[in-house]
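Me: I'm new to this one and would like to learn how to read it. Can you walk me through a couple of features?

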Amino acid sequence: MSTPGALDRRLGTLDAAAIGLGSMLGAGVFAVFAPAAAAAGAGLLVGLLIAAAVAYANATSSAQLAAQYPTSGGTYVYGREQLGPWWGFVAGWGFVVGKTASCAAMALTFAAYVAPTGWDRPVAVGTVVVLAAVNYRGVTRTARLTRVLLALVLVCLVVVVAAALAGGEPRWSRVVGSGGADGGVYGVLQSAGLLFFAFAGYARVATMGEEVRDPRRTIPRAILVALALAVVVYTAVALTLLATLGPDRLAAATSPLATALGTSAWAAPVLRVGAAAATLGALLALVAGVGRTGLAMARNGDLPRWLAAVHPRHHVPHHAEIALAVVVCALVALVDLRHAIGFSSFGVLVYYLVANLAAARQTGSHRRFPRPLQLVGAVACLVLAATLPVVAVVTGAAVLAVGVAGRWWVGRASR
């Protein structure tokens with residue numbers, strides 16, 4: 001029997017890993033390499049390596065913390081428990097606000113691939129409503145749809161990469177061409193910060209820790225498996241794009257994989273299907289992850305307590321998911337957030353900064369990975385956040401400041 005107000009543990013390792021990988025193979029794999037090439041040229045491969053290393057450090061921290069605190073909320077809970085309520089709030093607020101914007105961006109991106117001209121926003125709103133309804137019906141339905149979408153994305157990517165190499169006249173000299181030094185050290189670090197956006201999806205496994213069977217064993221495995229597979233996929237795509245386009249053409253491309261197809265234009269419909277499925281899968285996991293973090297914050301009074309309700313039959317945070325769907329639909333109808341990669345990256349880097357600091361505080365049997373790895377992850381998060389585009393840093397810092405000021409004011413008024 002389930003505890004009243006608690007979520008059901010229904011996810012196994014395969015389900016959890018699929019949710020994590022499905023989150024990482026979203027719009028990023030189709031869009032993030034162009035701005036990364038603009039920042040670093042062929043040096044984006046070094047940026048990708050740095051982003052993957054930082055993601056590994058963060059993933060080990062999340063895995064270690066999730067084994068000790070197998071509940072909903074992810075780093076919001078870890079920060080509260082290990083560092084104090086304010087640290088948890090900063091992580092949770094940054095995640096909820098940043099990923100709510102990402103939900104709107106994903107919905108609009110999906111609609112751009114499938115909607116007739118002029119119907120982008122209505123289709124995006126309808127997509128959010130449908131996925132919210134899927135999540136509302138229970139986490140097993142979320143996991144089942146995620147597996148289907150992930151399989152479709154992987155098949156489409158294999159076809160598109162093969163077609164690009166066959167029809168795009170690849171030259172491997174472009175991979176190590178002079179474009180690698182275009183942005184210098186700063187450009188490489190900026191590309192790493194942008195590419196880190198692509199690896200942030202494994203957090204979805206931790207935020208859903210209350211719904212995983214045998215969480216102390218399942219969550220660490222699922223996080224590391226999902227990250228390893230994502231690194232393989234992103235590396236293959238990056239090498240293909242650089243070999244077929246070169247750094248300069250890649251930086252200027254609005255749709256890099258479509259441009260890379262060259263004479264293999266027959267694969268363009270496959271690319272559209274894969275991109276649509278990827279954004280849909282990422283959006284599905286985002287809605288689930290933000291809803292669970294909202295649930296955790298509401299339980300502690302950091303968001304309205306009405307959001308802490310759990311459906312008595314489906315065992316999902318239905319109030320939080322309904323509220324999220326309403327907000328995302330409003331954003332989709334009013335604002336175009338498809339270029340919010342930098343802002344989302346800033347919020348995610350702050351989120352993982354807190355995770356690394358929290359993991360560094362763990363002791364005894366809860367420690368699974370070396371403390372220096374977590375300290376390196378914390379410093380790397382700060383460096384990458386500082387090298388993001390100025391607009392992203394200013395916007396992200398302003399959003400965090402508004403949240404902190406609001407929490408302080410509410411706390412003062414209640415006293």
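Me: Which hand does the crossing of helix 4 and helix 9 have?

Reply: This is a predicted model, and in it helix 4 and helix 9 cross in a right-handed way.

Me: What angle do helix 4 and helix 9 pack at, and how far apart are their axes?

Reply: Angles of 65 to 115 degrees count as roughly perpendicular, and those under 35 degrees as roughly parallel. Helix 4 (residues 44–68) and helix 9 (residues 184–199) pack at about 50°, with their axes 7 Å apart, and therefore the two helices are oblique to each other.

Me: Which residues meet there?

Reply: From helix 4, look for L44, V46, G47, L48, I50, A51, A52, V54, A55 and N58. On the helix 9 side they meet V188, L189, S191, A192, L195, F196 and F199. Sorted by class, that contact has 14 nonpolar residues, three polar ones and no charged ones.

Me: Now the empty spaces. How do I find where they are?

Reply: Roll a probe the size of a water molecule over the atoms, and you see where empty space is left. Here, the second largest pocket has a volume of about 290 Å³. It is lined by 17 residues, and the closest to its centre are G301, D302, G406, R407 and V410.

Me: Which elements give two or more residues to that lining?

Reply: Those are helix 6 (85–114) and helix 17 (390–414). Helix 17 gives the most, with eight residues.

Me: And how do the lining residues of this second largest pocket divide by class?

Reply: You'll find eight nonpolar, six polar and three charged residues in that lining.

Terms used:
Residues numbered from 1 in each chain as written. Predicted model: local features only at pLDDT ≥ 70, side-chain atom pairs only at ≥ 80, totals over all residues. Heavy atoms only, no water. 1 Å grid on protein atoms, 1.4 Å probe; cavity = no way out; pocket = protein on both sides within 12 Å on 5 of 7 lines; lining within 4 Å. Points joined across faces, edges and corners; volume = space filled by probe spheres on them. Helix = DSSP H or I, 4+ residues; strand = E, 2+ residues; numbered from the N terminus. Nonpolar A, V, L, I, M, F, W, Y, C, P; charged D, E, K, R; others polar. Axes fitted to C-alpha atoms, helices over the stretch in contact; angles between N-to-C directions. Parallel < 35°, antiparallel > 145°, perpendicular 65-115°, else oblique. Left-handed = near helix turned anticlockwise from the far one by under 90°. Contact = heavy atoms within 4.5 Å.
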